[in-house]
Amino acid sequence: MDLKEIAEILKCDFSGESFEITKMNTLKDATKSELSFVSNLKYVKEIQSSNAGAIIVDKSTEEFVPKGCVALVVEHPYWEMAALSKYFAPPIEDATLDKPKIGKGTTVSPKAEIANGAVIGENCTIMAHVYIGANVQIGDNTVIYPSVVIYRDCRVGSECIIHANSTIGSDGFGFATNKMGEHKKIYQNGNVVIEDDVEIGSSTTIDRAVFGTTLIKRGVRIDNLVQVGHNCVIGEYSVIVAQSGIAGSTTLGRNVVLGGQSATAGHLNIAPFTTMAARSGVTKSIEKSGLTFAGFPLMEHRLWLKLQGKIARLIK
């Protein structure tokens with residue numbers, strides 16, 4: 001998409017030399033051919049170090065845009081980013097892509113649907129009513145149970161199991177809201193990548209990234225009815241038990257355990273080998289590894305047990 005065209009859509013001044021913008025991305029990851037945005041002053045350092053070709057800003061952040069990068073100045077950058085995101089959304093399906101490629105020894109139910117551009121490895125089992133979207137890649141020896149949906153551009157590794165009714169790559173819960181309380185969808189143009197040896201329970205949902213990738217690393221075990229938000233990273237061999245929810249852009253380190261009905265806020269970092277007892281509510285990042293927590297507000301498990309004991313004695 002031409003930068004001049006983008007400026008016209010945003011209704012902002014632009015008089016420099018135009019160039020092609022290939023996609024939108026974060027300030028940190030954007031390249032010279034990509035467009036980013038910033039919605040408040042706390043990201044000033046990221047603006048100054050960004051390699052983006054152009055950045056959507058307001059008047060308060062315009063001065064921090066580095067030389068060689070085009071500042072597209074608007075009144076409400078987050079709202080305008082949402083409006084613009086639809087122009088970079090790829091087609092849901094694409095008839096121009098090659099026919100699906102199915103590896104040797106793979107069994108595909110006649111009731112399954114596989115979109116153009118999909119590639120499925122060897123010795124896989126694809127059961128009835130599975131939908132595999134455009135450009136999806138699936139490794140070898142993977143089992144996809146009935147009614148699983150894998151949206152476009154997602155990646156599933158080898159030796160994986162995805163149980164019935166789970167959805168991989170649905171849109172993350174992203175929208176901008178204006179002063180009138182109206183909402184505008186932020187198109188989720190990233191994907192989901194599931195590495196090797198991952199098992200996902202039934203009716204679990206893993207949302208695709210806004211930009212980049214929602215990543216489920218090797219050896220992860222996810223139970224039934226789990227929600228993983230957009231742009232999350234789940235560390236190697238982590239275990240997430242039923243009815244847990246992980247809000248967007250949270251990173252779990254290696255071997256993190258979330259007990260049943262646990263939940264995290266967004267944009268957190270959870271240290272490796274952390275354990276959350278059932279119904280834990282995590283609102284802050286955890287930096288020290290190997291600890292066990294419980295409750296809400298969250299506290300170390302031993303303290304939580306003492307507190308419960310004292311409460312029990314008070315009501316006798």
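Student: Is arginine 221 buried, partly exposed or exposed?

Tutor: The classes rest on relative accessible area, where buried means under 20%, exposed means over 50%, and partly exposed lies in between, with a 1.4 Å probe and protein chains only. Arginine 221 has 33% relative accessibility and therefore counts as partly exposed. This is a predicted model, in which local features need pLDDT of at least 70 and side-chain atom pairs count only at pLDDT 80 or more, while totals for chains, interfaces and linings use all residues. Residues are numbered from 1 along each chain as its sequence is written, and side-chain values use heavy atoms, with hydrogens and water left out.

Student: With which residue does arginine 221 form a salt bridge?

Tutor: In general, side chains of opposite charge can pair when their charged atoms come close. The rule applied here asks for a side-chain nitrogen of Lys or Arg within 4 Å of a carboxyl oxygen of Asp or Glu. Arginine 221 pairs with aspartate 197, their closest N and O atoms being 3.2 Å apart. Because aspartate 197 lies in the loop between strand 19 and strand 20 and arginine 221 in strand 23, the pair ties together parts that are 24 residues apart in sequence; strands are DSSP runs of E with at least two residues, numbered from the N terminus. Aspartate 197, at 24% relative accessibility, is also partly exposed.

Student: How many salt bridges are there by this rule?

Tutor: The count comes to 5. One of them joins arginine 218 to aspartate 196, with the closest N and O atoms 3.7 Å apart. That pair links distant parts of the chain, 22 residues apart, with arginine 218 in the loop between strand 22 (213-216) and strand 23 (221-222) and aspartate 196 in the loop between strand 19 (191-194) and strand 20 (199-200).

Student: Which residues touch the most other members of the largest nonpolar core?

Tutor: In soluble globular proteins, nonpolar side chains tend to be buried together. A nonpolar core is defined as a set of buried Ala, Val, Leu, Ile, Met, Phe, Trp, Tyr and Cys residues joined through side-chain atoms within 4.5 Å. The largest such core has 41 residues, and Ile132, Ile150, Ile194 and Ile216 touch the most other members. Apart from this core lies another, of 24 residues, including Met1 and Val210.

Student: Where is cysteine 124 placed?

Tutor: Cysteine 124 sits in the loop between strand 8 (119-120) and strand 9 (125-126), and its relative accessibility of 1% makes it buried.

Terms used. Helix = DSSP H or I, 4+ residues; strand = E, 2+ residues; numbered from the N terminus.
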